[in-house]
Amino acid sequence: MGVGQFSVAAATAVVGYDLAKDTIWQQQGKRRALTGFALKGSAAANDTKVSLFVDTVKIAEFYNNDTGFPTMDHLIPLDMNYVPPNSMIHIYVDDAPATNPINGILTWRDL
């Protein structure tokens with residue numbers, strides 16, 4: 001199982017910003033299946049919205065459900081969404097955080 005975390009300042013996480021940018025897990029040379037996602041941070045619950053993509057395919061939309069930093073207990077299960085080798089995972093900001101960093105976890109299974 002793989003785990004990727006991110007924490008991006010509110011001033012950086014503007015609409016259209018890719019929260020997975022420059023992470024070591026955004027692109028890998030092996031097959032993966034996405035298994036979970038969690039999003040927290042900013043000033044209040046539901047003030048930030050993101051879209052999860054594999055290359056150009058939209059997988060899901062998420063709101064931050066609380067402030068702070070998520071743990072594995074906060075993961076929303078994903079349906080083993082397939083990520084082909086060398087494909088890019090993107091987490092685009094649709095509604096930017098008001099204040100404080102936006103924080104998240106993405107999990108996957110190597111196939």
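**Aromatic contacts and an open sheet**

Let me begin with a charged side chain: R32 lies over the face of W108, with 5.0 Å separating it from the ring centre. Please keep in mind throughout that this is a predicted model.

In one of them W108 is paired with W25, and the arrangement is tilted, with 6.2 Å from centre to centre and 35° between the planes. This pair links distant parts of the chain, since W25 sits in the loop between β1 (2-8) and β2 (32-41) while W108 belongs to strand β7 (residues 102-110), the two being 83 residues apart. Are these two residues, W25 and W108, buried or exposed? Both W25 and W108 are buried. Elsewhere among the aromatic residues, F6, F37 and F62 come together as one cluster.

Now to the strands. Four of them make up an open sheet, in the order β1-β7-β2-β5, and the pairing is antiparallel. The edges are taken by β1 and β5 (76-83), each of which has a single partner strand, so one side of each remains without a neighbour in the sheet. If direction is ignored, neighbouring strands of this sheet are turned against each other by 25° on average.

Looking finally at one of these pairings, β2 and β5 run antiparallel and are joined by five bridges. Which residue of β5 is the bridge partner of L34? That partner is N81.

Note on methods
Residues are numbered from 1 along each chain as its sequence is written. This is a predicted model: local features need pLDDT of at least 70, side-chain atom pairs count only at pLDDT 80 or more; totals for chains, interfaces and linings use all residues. Side-chain values use heavy atoms; hydrogens and water are left out. Rings of Phe, Tyr and Trp (its six-membered ring) pair if their centres lie within 6.5 Å; planes under 30 degrees apart count as stacked, over 60 as edge-to-face and the rest as tilted. Helices (H or I, at least four residues) and strands (E, at least two) are DSSP runs, numbered from the N terminus. Buried means under 20% relative accessible area, exposed over 50%, partly exposed in between (1.4 Å probe, protein chains only). A charge sits over a ring if NZ of Lys or CZ of Arg is within 6 Å of the ring centre and within 35 degrees of the ring normal. Two strands pair if DSSP finds at least two bridges between them. Axes are lines fitted to C-alpha atoms, for helices over the stretch in contact, and angles run from 0 to 180 degrees between N-to-C directions.
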